[in-house]
Amino acid sequence: MTLARTRLYLGITAVGLTVLLAAVALWSDLPSAWLSDDTTVPVARTVATALVWPLVWTALLFPLDVLGGTVAVRHRPAIWRWLWPWVRGVLTQLVVLAIAGMVLVALSRALGLFGAVTGATLTAAAIVSQTGRLARLGASVESVPTDATAQVLGDLGDFRMEVVATRDEAFVGGFTGLVQPRLLVPETWLALPRDVLQGVLVRRQLAAATPRVRGIALALVWLALGATVSGHVAGLPDSAAGLVRFSLATTLWSFLGVLVLPTPSRRAVVALDQRAARVVGAGPIREGIIALDRWQDDEPARNRLVETIFHPVPSRTSRITSLSGSTPAASGAWRVARVALPMGLGGWSLLGRAVHCNLGRPALWWMLPGD
């Protein structure tokens with residue numbers, strides 16, 4: 001069995017476990033049996049009590065995290081070397097959940113469903129704007145002083161970049177910030193041939209404007225819609241039990257997103273490939289697709305059904321074929337499927353780190369792998 005398929009089955013198991021727990025707990029209303037529905041309890045104490053749900057979920061997911069981080073990887077670390085980054089990553093997510101929970105409880109008590117939706121959406125936007133800081137805190141991402149990218153970029157002007165290092169070879173960096181985004185470039189990319197590195201960086205420059213904004217906007221709309229549906233189905237997150245019920249519902253909504261959002265994500269990948277090829281030529285983009293995929297799934301081709309359901313990035317064979325195609329790809333929404341997962345913490349969705357691409361790999365929890 002290939003590494004990619006092993007990780008896919010692990011991810012299916014982790015996501016399935018999370019969804020089953022959420023569905024059973026919501027259907028049987030376990031939060032009301034175990035936690036208080038008192039809306040007069042102070043906000044901080046309410047959230048502290050509700051944190052029992054993500055802690056229980058973390059404990060149940062731990063064996064799969066161990067497999068995903070120490071077994072189903074190319075370079076298998078000793079478990080004690082893996083454990084501290086995992087603890088650091090979990091603690092960072094719990095802090096984010098605590099802050100998001102206080103926003104949700106306070107606003108839902110003051111403004112009802114409108115407050116809950118507003119709180120989830122604003123916190124999600126704050127998460128995506130602070131991705132770089134969160135990656136440093138919870139993913140051991142460190143800055144690497146270098147002028148190598150400046151030498152390669154040449155005429156890309158004021159495009160803001162920073163080279164960073166992490167232990168996970170599948171890390172592909174990404175943007176941080178909303179108004180003036182900065183691109184975090186993996187140090188491993190500097191080993192690429194000069195023309196290939198320039199190609200992948202030009203491609204990221206093309207993604208920085210409309211494709212990225214479209215992806216974030218669609219993710220925010222999706223999360224706001226999910227918070228609205230969750231508020232109607234599970235009630236307001238205005239108590240400890242209410243916050244956990246809301247979390248169960250938003251987690252199930254995120255599962256629906258895992259099924260729906262990969263389609264616009266794949267379209268955006270192909271559209272960007274074609275745009276970048278028109279700027280630097282098809283050769284560097286093709287070689288970049290091959291190199292980056294080998295550091296991640298290294299799965300040249302996939303069954304169409306498997307790709308449609310589980311993969312927001314097309315296989316490298318599909319991308320290379322589309323690269324030489326004469327028909328322009330639809331614009332799509334770049335990385336919407338994967339950016340929505342960490343943003344989902346704003347509404348207390350816990351599905352983000354159970355998916356196959358980052359299960360047990362804390363270096364990828366805030367900036368998931370991708371094109």
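## The pockets

The largest pocket has a volume of about 450 Å³. This is a predicted model, in which local features need pLDDT of at least 70 and side-chain atom pairs count only at pLDDT 80 or more, while totals for chains, interfaces and linings use all residues. Residues are numbered from 1 along each chain as its sequence is written, and side-chain values use heavy atoms, with hydrogens and water left out. A pocket is an open set of points, on a 1 Å grid over the protein atoms alone, where a 1.4 Å probe fits, with protein on both sides within 12 Å along at least five of seven lines; lining residues have an atom within 4 Å of a point. Grid points are joined across faces, edges and corners, and a volume is the space filled by probe spheres set on the points.

The largest pocket is lined by 23 residues, and Gly 69, His 75, Pro 77, Arg 167 and Asp 168 lie nearest its centre. Its lining comprises 9 nonpolar, 6 polar and 8 charged residues (nonpolar: Ala, Val, Leu, Ile, Met, Phe, Trp, Tyr, Cys and Pro; charged: Asp, Glu, Lys and Arg; polar: the others, Gly among them). The second largest pocket has a volume of about 330 Å³. Among its 25 lining residues, Val 15, Val 258, Ile 309, Phe 310 and Val 355 are the closest to its centre. Two or more lining residues come from each of α1, α10, α11, α14 (304-310) and α16. By class, the lining of the second largest pocket has 19 nonpolar, 5 polar and 1 charged residues.

## An enclosed helix

Helices (H or I, at least four residues) and strands (E, at least two) are DSSP runs, numbered from the N terminus. Helix α16 (residues 336-343) is largely enclosed by the rest of the structure, because 8 of its 8 residues are buried (under 20% relative accessible area, with a 1.4 Å probe and protein chains only). Arg 338 and Pro 342 are among these buried residues. The cover over the buried residues of α16 includes α6 (113-129), α10 (210-234), α11 (240-260) and α12 (262-280).

## The nonpolar cores

A nonpolar core is a set of buried Ala, Val, Leu, Ile, Met, Phe, Trp, Tyr and Cys residues joined through side-chain atoms within 4.5 Å. The largest core has 62 residues, of which Leu 97, Leu 243, Leu 248, Trp 348 and Trp 366 touch the most other members. The elements that each supply at least two residues of this core include α1 (3-27), α5 (79-111) and α11. The largest share, 10 residues, comes from α5.

Leaving aside residues up to four places away in sequence, Leu 243 touches Val 47, Ala 50, Gly 101, Leu 104, Val 105, Pro 237 and Trp 348 (contact means heavy atoms within 4.5 Å). A second, separate core of 26 residues includes Phe 175, Ala 268, Ala 276 and Ala 291.

## The sheet

Four strands form an open sheet with mixed pairing, in the order β1-β2-β4-β3; two strands pair if DSSP finds at least two bridges between them. The edge strands, β1 (142-143) and β3 (174-176), each pair on one side only. Strand β4 is largely enclosed by the rest of the structure, because 4 of its 5 residues are buried.

Strand β2 (residues 161-165) runs parallel to β4, joined by 4 bridges, and Val 164 has Pro 186 of β4 as its bridge partner. Strand β3 runs antiparallel to β4 (residues 182-186), with 3 bridges, and Gly 174 stands opposite Leu 184 in β4. β3 and β4 form a hairpin with 5 residues between them, and Gly 177 in the turn has a positive phi of about 100°.

Technical notes. Buried < 20%, exposed > 50% of the residue type's maximum accessible area, 1.4 Å probe, protein only.
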